[in-house]
Amino acid sequence: MPLFERLYNFAHWLTQDRQEAEDLVQETYAKALKGFRSFRPGTNFRAWIYQILRNTFLTSRTGLKSTTMVPLELESDQESLPAVKETPESILLQRSDRQLVQEALGQLPVPYREVLLLCEFEEMSYQEISATLAIPMGTVMSRLSRARRALRDAVQQLQGTE
Amino acid sequence: MACERWTEKLDAYLDGELPASEAGALAEHLRGCAACAAEGLRKVQQKRAVQAAGQRFMPDPAFRARIQDSIAARSPFVWSRRWLPILATAAVMLLAGALLLTLSGSQQQVIGELVDQHVATLASLNPVDVISTDRHTVKPWFAGKIPFTFNLPELQGSPFILVGGKVSYLGQSPGAELIFRVRQHQISVFIFQDRGPREERENKAVRTALSFEVRTWHHNGLRYFVIGDASAQDLDNLSELIKAAG
C-alpha cells in the first residue's frame with residue numbers, strides 16, 4: 001500500500017492520538033476505494049487521497065474542535081505580512097533538536113501544522129497543497145508564511161522555557 | 001526598501017515555486033546581500049528542521065495487517081452491487097465466490113499490492129524512469145538493476161505502444177514494471193522472479209479490486225502480472241504477445 005506510512009503519520013499529526021489516527025486512515029482507505037470512480041487518471045492521486053483524509057478528519061469530533069478554535073486572522077489573506085527583521089543572533093533552530101521542533105509543531109493550530117507538513121515533509125507543490133486543502137494558491141502562500149512564523153515563535157518560546 | 005521586495009519572495013524561492021526569471025534575480029541579490037542571505041539560511045534551516053521532525057509516527061504492524069485485510073476483502077462486485085439489478089448481483093456474487101475458491105489469500109494480497117503500484121504509476125507525473133517505445137532501449141536499461149532478464153514482444157502491427165519502464169519491488173525483490181498503452185488505457189506488466197508456492201504458479205485470469213483486469217502466469221522461473229483498465233480482450237492479446245516473446 002503506497003502512502004500508507006505517510007498517510008498514517010499525517011493522520012497522527014492531525015489527531016495527536018494513535019487510535020483516532022488509525023480510525024482516520026481506515027476510513028480514508030474505505031472512502032478512497034468506494035469513491036475510486038471519482039478519481040480521474042492523470043490527476044494527482046496523492047492530493048486526492050490526502051484530501052479525503054483531511055475532509056474525513058474535519059468532520060470528526062477532534063477535527064471540528066480543532067477548526068472552531070482557529071483564530072479568524074488565519075484566513076484573512078488581505079492582511080499584509082510584516083517585514084521580517086532578523087539579526088544573525090536571532091537565527092534560531094540551529095540548536096533546536098528534532099524533539100523541540102516536534103513539540104512546537106504539535107502546539108500549532110491544525111491549519112498551520114498541516115500546511116507546514118504538506119509543504120516541508122510531504123514536499124508537495126503549492127498547487128498540490130491548494131488541491132489538498134481546497135484553498136486558493138494565494139492562501140497557501142500566506143498561510144505558509146504565517147505558519148512558519150508561528151513555528152519559529154513556538155520554538156523560541158520552548159527554548160526560553162527550557 | 002529593496003530587500004523587502006526580496007524577503008517577501010524568499011519562501012517561494014526556497015520552496016522552488018518562484019518563476020525562473022525571478023529566481024535568477026533573487027539568487028543574484030542573495031550573493032550580494034548578507035542580511036537576505038542570513039534570512040535565507042535561517043529559512044532553509046527551519047525547512048530542514050520541519051522535514052526531519054515531520055516523520056514522527058509509525059503505524060502499528062497489526063493495524064497495517066488489518067487495513068490490508070479490509071482492502072483485500074472488498075471486491076469491486078461488493079461495491080457495485082448497490083447499483084446493479086438484483087439478478088446481476090446474484091450472478092456476480094456467484095462469480096466472486098468462485099474466484100475466492102480458486103484464489104489463495106496470499107495471491108490476492110500480491111495482486112492487491114501490484115494494483116496499488118499500477119494506480120500509483122497512473123497517478124504519477126513521472127510514470128516511467130526509462131522513456132522509450134523501443135524495446136531495444138528499454139530491455140538493456142534494466143541490466144544490472146534487476147537480477148534477471150526477459151524478452152519484450154514485437155508490437156508492430158498491434159494496437160499496443162510501449163511507453164517505458166521502471167524498477168518495481170515485490171516482497172523486497174526487485175523486478176520490472178513495463179508500461180504499455182492501448183488507445184487511452186495504460187497497462188502495467190510486472191515481471192518478478194517466481195518464488196511462490198507451486199499452487200500459486202498456475203496460470204490465472206482474474207478480475208480484481210477496483211475493476212482492474214489482471215492476467216498472471218509463470219514462465220521460465222519468472223512470474224508475469226498484466227494489470228490495466230483496458231478490456232479483457234486487450235489484456236489477453238497483450239499477454240499472448242508477451243508469452244510469445246518469452
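This is a guided tour of a two-chain model, stop by stop.

**Before you start**

The model is predicted: local features need pLDDT of at least 70, side-chain atom pairs count only at pLDDT 80 or more, and totals for chains, interfaces and linings use all residues. Residues are numbered from 1 along each chain as its sequence is written, while chains are lettered from A and ligands numbered from 1 in the order in which they are written.

**Stop 1: chain A**

Select chain A and colour by secondary structure. You will find eight helices and zero strands, where helices (H or I, at least four residues) and strands (E, at least two) are DSSP runs numbered from the N terminus. Along the sequence the pattern reads α-α-α-α-α-α-α-α. Of its 162 residues, 38% count as buried; a residue is buried if 20 or more other C-beta atoms lie within 10 Å of its own, exposed if 12 or fewer, and partly exposed in between, with C-beta atoms placed from the backbone. Among contacts in chain A with a separation of 6 or more, 68% are between residues 24 or more positions apart. Two residues are in contact if their C-beta atoms, placed from the backbone, lie within 7 Å.

**Stop 2: helix α8 of chain A**

Next, select residues 137-161 of chain A, which form α8(A). This helix has 25 residues and reaches 36 Å from its first C-alpha to its last, close to the 36 Å expected at 1.5 Å a residue; the expected span is 1.5 Å times one less than the number of residues. Show the side chains of its buried residues, among them V140(A), R143(A), L144(A), R148(A), L151(A) and V155(A). What covers these buried residues? The cover includes α5, α6 and α7 (126-133) of chain A, together with α1 (2-14) and α3 of chain B.

The axes of α7(A) and α8(A) come within 9 Å and cross at roughly 100°. Axes here are lines fitted to C-alpha atoms, for helices over the stretch in contact, and angles run from 0 to 180 degrees between N-to-C directions. The two helices, α7(A) and α8(A), are therefore roughly perpendicular to each other: angles of 65 to 115 degrees count as roughly perpendicular, under 35 as roughly parallel, over 145 as roughly antiparallel and the rest as oblique. Y126(A), Q127(A), I129(A) and S130(A) of α7(A) meet M137(A), V140(A) and M141(A) of α8(A).

**Stop 3: where the chains meet**

Show both chains. The contact takes 45 residues from chain A and 37 residues from chain B. On the side of chain A that touches chain B, α2(A) gives the largest share, seven residues. That side of chain A divides into 27 nonpolar, nine polar and nine charged residues. Here Ala, Val, Leu, Ile, Met, Phe, Trp, Tyr, Cys and Pro count as nonpolar, Asp, Glu, Lys and Arg as charged, and the others, Gly among them, as polar.

R98(A), V101(A), Q102(A) and L105(A) of α5(A) touch A49(B), V50(B), A52(B) and A53(B) of α3(B). By class, the residues of this contact are six nonpolar, one polar and one charged.

Then click on E120(A), found in helix α6 of chain A. Is E120(A) buried or exposed? E120(A) is buried, with 24 other C-beta atoms within 10 Å. Leaving aside its neighbours within four places in sequence, E120(A) is in contact with K47(B), V50(B), Q51(B) and G54(B).

**Stop 4: the strands of chain B**

Move on to chain B, with nine helices and seven strands. Buried residues make up 30% of its 246 residues.

Select β2 (residues 160-170) of chain B with β1 (residues 130-131) of chain B: they pair in the antiparallel sense over two bridges. Two strands pair if DSSP finds at least two bridges between them. V130(B) has G165(B) as its bridge partner in β2(B). Y169(B) stands opposite P174(B) in β3(B). The hairpin of β2(B) and β3(B) has two residues between the strands, and G171(B) in the turn has a positive phi of about 55°.

**Last stop: V182(B)**

Finish on V182(B), which lies in β3 of chain B. V182(B) counts as partly exposed, with 18 C-beta neighbours inside 10 Å. V182(B) and P159(B) are 23 residues apart in sequence and 5.9 Å apart in space, C-alpha to C-alpha. Leaving aside its neighbours within four places in sequence, the contacts of V182(B) include P159(B), F160(B) and I187(B).
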